[in-house]
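Have a look at the sequence and the model first.

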Amino acid sequence: DQTGRDDTGWWIQKKAKVRLPQDTFEYAVSLTGSLARYYLMQKRAVGLVCVGQNGVLMPAERGERQIGKIMETLAFVKPDGSLPIQSLVTYHARNILIGSSVFLVTACGDVSLLAAVEDLHRRDLRPVILLMQGETFAGQPADPRLLAALAEYNVQPWRIPCGADLSKQLHEIAH
């Protein structure tokens, strides 16, 4: 190398840690993108449904192109939707293949989340709850009644605190 630089091994350098703002929305978007990328790299079909200012329905597909579409969508989604999560699930669950896992990434820690879980169970879908821990983001903690009811459905929510190492959380969730 005539520039005097040693570029040997530049591609295996560790990625820099990104510090997210202390905001449940930013954590939810980052976790959603990471989960989508992980499962797509595992050759799984991944779709996305979310509601911000506009609704987004991205049918499940496989491949790197889907990673790009999901990441681009998540980059522009805004936290200003007004549709409750149970309505979103009820409307879209009928289009999901029986036996599929449905990841609900949310900061909604009240009992209204239970209606979405019940709907998914009725349709033979497997809900996986990724719940932002509101109390660690200067918000409200999850309602203990919700946590007890989820346990009755054998659904153990993954509780994501502010400051969590999302790569570690992702590893635990995916395995």
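## Ground rules

A residue is called buried under 20% relative accessible area, exposed over 50%, and partly exposed in between, using a 1.4 Å probe and protein chains only. What you're seeing is a predicted model, where local features need pLDDT of at least 70 and side-chain atom pairs count only at pLDDT 80 or more, while totals for chains, interfaces and linings use all residues. Residues are numbered from 1 along each chain as its sequence is written, and side-chain values use heavy atoms, with hydrogens and water left out.

## Aromatic pairs

Now for the rings. There are three aromatic pairs here. Rings of Phe, Tyr and Trp (its six-membered ring) pair up if their centres lie within 6.5 Å; planes under 30 degrees apart are stacked, over 60 edge-to-face, and the rest tilted. One of the pairs is Y27 with F137, edge-to-face at 5.0 Å centre to centre with 80° between the planes. That pair links distant parts of the chain, 110 residues apart: Y27 sits in helix α1 (residues 24–41), and F137 in the loop between β4 (126–132) and α5 (144–152). Helices (H or I, at least four residues) and strands (E, at least two) are DSSP runs, numbered from the N terminus. Y27 is buried at 4% relative accessible area, and F137 is buried at 12%.

Another pair is Y39 with F103, whose ring centres are 5.6 Å apart and whose planes meet at 45°, so this one is tilted. Y39 lies in helix α1 and F103 in strand β3 (residues 101–106), so the pair ties together parts 64 residues apart in sequence. Y39 is buried at 14%, whereas F103 is partly exposed at 29%. Together with Y38, these two residues, Y39 and F103, form one aromatic cluster.

## A charge over a ring

Finally, R94 lies over the face of Y91, at 4.6 Å from the ring centre. To count, NZ of Lys or CZ of Arg must be within 6 Å of the ring centre and within 35 degrees of the ring normal.
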